[in-house]
Amino acid sequence: MIRYIKAATAALFVVSGVVPIAVQAADTKTKGSTSKPSAYPTDFQLNDALNLYSIESTALLKRSMLSAGFSIDETVEINESYLDFASRALAAEKKRIQQIRDALREKQLKERHGTKVKEQEQTCSAEDGTCKETESAAAESASTSAKKQQKKKQPKKKEEFGHFLTPDLKPGQASVLRWDSDGSIVQDYAARVGLPPQLVPTLIEYIKDMGLYDIMTNMLYDDPLPPDGAEWFSFQSPYQTKDPAVDASQIRNFTWNVERPAKKWKSDMHWFNTADELSHEDAIRALSKGGFDEVLKGIGEQFGLDTLHVDSFGFVSVTHCERGFIHTDWEDVDGRAFNFLLGIYSPDDAGPELIVESGDGSGGGKKGETYYGTNAGVLVGDGTRHGTRECDHRAKKEVRITCSIYLADPTEENLDILAGDTTSVFPPTGDGPGKEWIWTQRGRHWKKDEEGSGLVTDKGRTKFVVVEDSEEGCTEEDCTNETDRGRNGCLKTCKVFIEDGVYKPGMERREVLGY
């Protein structure tokens with residue numbers, strides 16, 4: 001019983017801002033009306049609210065149960081524990097909403113009584129018996145009328161967006177993105193994929209303990225980069241710093257990079273990415289602890305792939321976006337490369353977060369908007385045009401954070417394209433070490449028809465020869481691209497890759513790294 005009380009309390013605190021919308025919408029349908037309730041503002045997007053509620057409600061109930069000590073099995077929808085808890089939570093929420101509604105009605109009655117008293121205070125003419133407002137009351141009435149006229153001004157015309165179906169997905173279940181209007185496919189390589197309940201909390205804990213979360217939430221206000229700017233940060237793994245058994249001399253340092261894209265992106269978006277092999281390997285351990293194996297399996301099976309590996313890992317932070325820059329992350333890769341996006345943090349009342357466009361990739365197709373939600377991520381692959389939804393969180397000094405995980409199934413035909421990606425600094429782009437490194441990753445994190453492959457038992461890449469610096473006289477200053485030689489000319493000095501003697505190909509990563 002204690003577990004039920006804890007879970008219900010958690011659910012009610014979070015749901016309190018969402019359920020009233022659903023309840024009012026249900027009341028409206030019962031009365032046979034197809035329009036929005038008159039209490040809503042004219043620009044209120046009722047469908048957006050209902051879409052978000054349908055995404056979040058099930059995930060909220062499951063998270064609440066897990067926080068109270070229920071097992072993952074007990075949170076499955078067909079389990080008696082889940083059904084019993086859901087009934088209790090919804091009944092309690094309905095009672096709470098009714099109490100709020102009763103209090104609101106009582107307040108409205110008091111306000112009406114006050115209006116009648118004010119009417120009695122009007123002055124009357126003894127000559128004709130008609131009542132006229134006092135000068136102060138007339139002035140107040142004129143002011144109110146002016147305000148009403150101001151509100152009647154037509155809002156700016158907004159671009160119309162379609163919406164997608166948002167099925168309730170089990171962890172690792174992949175569903176191709178479809179329009180909610182007719183169920184047709186939006187793009188061949190766009191999908192929603194169910195998340196393990198521990199994935200997002202694990203990633204949040206990882207970046208908070210590392211210190212990256214504070215940087216992402218403060219940098220865009222305190223010290224933002226100019227367009228095309230870049231900066232570098234050194235971190236230590238929280239899996240070492242939080243372990244009292246690890247000696248301080250054994251703690252490893254690794255590098256992350258942050259870049260701000262060009263002005264054409266029309267936003268203050270900043271990209272935070274792993275910048276060397278050690279930071280990449282450490283981030284993969286966080287994905288392993290978060291149960292990302294289920295996601296990889298679901299994607300691989302849905303799209304008939306042979307293998308999958310995590311090619312790069314990072315986060316996108318933004319406070320405002322004037323216009324979403326519609327683009328593709330991958331093209332002509334035979335459907336074997338993806339960007340998997342999942343929401344880490346979004347301000348309250350932030351609105352939809354992502355735009356996906358239908359069509360042949362040439363532009364001009366129908367645009368749809370969606371929320372990431374907490375129980376599913378959005379996968380965008382070969383030729384899928386997408387972009388950040390317009391937003392502005394500056395009034396409340398808020399930031400929206402999204403995790404971006406690049407996944408690939410390398411083949412001889414698509415390897416050059418995979419190696420040419422310039423979104424992150426690691427792996428290095430173009431022919432050479434970066435391309436060779438990608439080839440050593442094949443099948444590392446998921447293989448078709450091979451049980452036991454994955455992040456948990458990850459044995460790392462195959463053998464890789466760390467090349468010497470291609471430039472002479474390299475120093476640490478070159479590692480931040482501040483010099484003509486640059487980081488890619490000084491790969492060994494900058495320790496971009498790990499020597500095989502330290503890396504130990506063929507050994508499980510949890511044994512090599514110690515976590």
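Tutor: Happy to. A salt bridge here is a side-chain nitrogen of Lys or Arg within 4 Å of a carboxyl oxygen of Asp or Glu. With that cut-off, a search of the whole structure turns up 23 salt bridges. Please keep in mind that this is a predicted model.

Let us take helix H9, residues 277-289. Its 13 residues should span 18 Å at 1.5 Å a residue, and the end C-alpha atoms are 19 Å apart, which agrees. How much of H9 is covered? Twelve of its 13 residues are buried. Among them are the charged side chains Glu277, Glu281, Asp282 and Arg285, along with Leu278, Ala283, Ile284, Ala286 and Leu287. Ser279, His280 and Ser288 are buried as well. Just after the helix, Gly291 takes a positive phi of about 80 degrees.

Side chains of opposite charge can pair when their charged atoms come close. Glu277 does this with Arg461, in a salt bridge of 2.7 Å from N to O. Because Glu277 lies in H9 while Arg461 sits in the loop between strand S18 (446-447) and helix H13 (500-503), the pair ties together parts that are 184 residues apart in sequence. Both Glu277 and Arg461 are buried.

Glu281 has a partner too: its side chain meets that of Arg444 in a salt bridge, at 2.6 Å from N to O. This pair also links distant parts of the chain, with Glu281 in H9 and Arg444 in the loop between helix H12 (433-439) and S18, 163 residues apart. Glu281 has a relative accessibility of 2%, so it counts as buried; the cut-off is under 20%. Arg444, at 6%, is buried too.

For a contrast in setting, look at Glu450 and Lys447. They form a salt bridge whose closest N and O atoms are 4.0 Å apart. Glu450 is partly exposed at 40% relative accessible area, and Lys447 is partly exposed at 31%. Elsewhere, salt bridges that share partners join Asp306, Asp334, Arg336, Asp409 and Lys448 into one network.

The loop that holds Arg461, between S18 and H13, is also the place of Cys490. Cys490 counts as buried because its relative accessibility is 0%. Leaving aside residues up to four places away in sequence, Cys490 touches Asp469, Cys474, Asp478 and Arg485. The C-alpha atoms of Cys490 and Glu468 are 7.8 Å apart, and these two residues are separated by 22 positions along the chain.

Helices also meet each other here. H6 (residues 199-210) and H7 (residues 212-222) pack at about 85 degrees, with their axes 4 Å apart. That angle makes H6 roughly perpendicular to H7. Ile207, Lys208 and Met210 of H6 meet Leu212, Tyr213 and Met216 of H7. By class, this contact has five nonpolar residues, no polar ones and one charged residue.

Finally, step back to the whole chain. It contains 14 helices and 18 strands, and 47% of its 515 residues count as buried. Of the contacts with a separation of 6 or more, 71% are between residues 24 or more positions apart.

Note on methods
Residues are numbered from 1 along each chain as its sequence is written. This is a predicted model: local features need pLDDT of at least 70, side-chain atom pairs count only at pLDDT 80 or more; totals for chains, interfaces and linings use all residues. Side-chain values use heavy atoms; hydrogens and water are left out. Helices (H or I, at least four residues) and strands (E, at least two) are DSSP runs, numbered from the N terminus. The expected span of a helix is 1.5 Å times one less than its number of residues. Buried means under 20% relative accessible area, exposed over 50%, partly exposed in between (1.4 Å probe, protein chains only). Axes are lines fitted to C-alpha atoms, for helices over the stretch in contact, and angles run from 0 to 180 degrees between N-to-C directions. Angles under 35 degrees count as roughly parallel, over 145 as roughly antiparallel, 65 to 115 as roughly perpendicular and the rest as oblique. Contact means heavy atoms within 4.5 Å.
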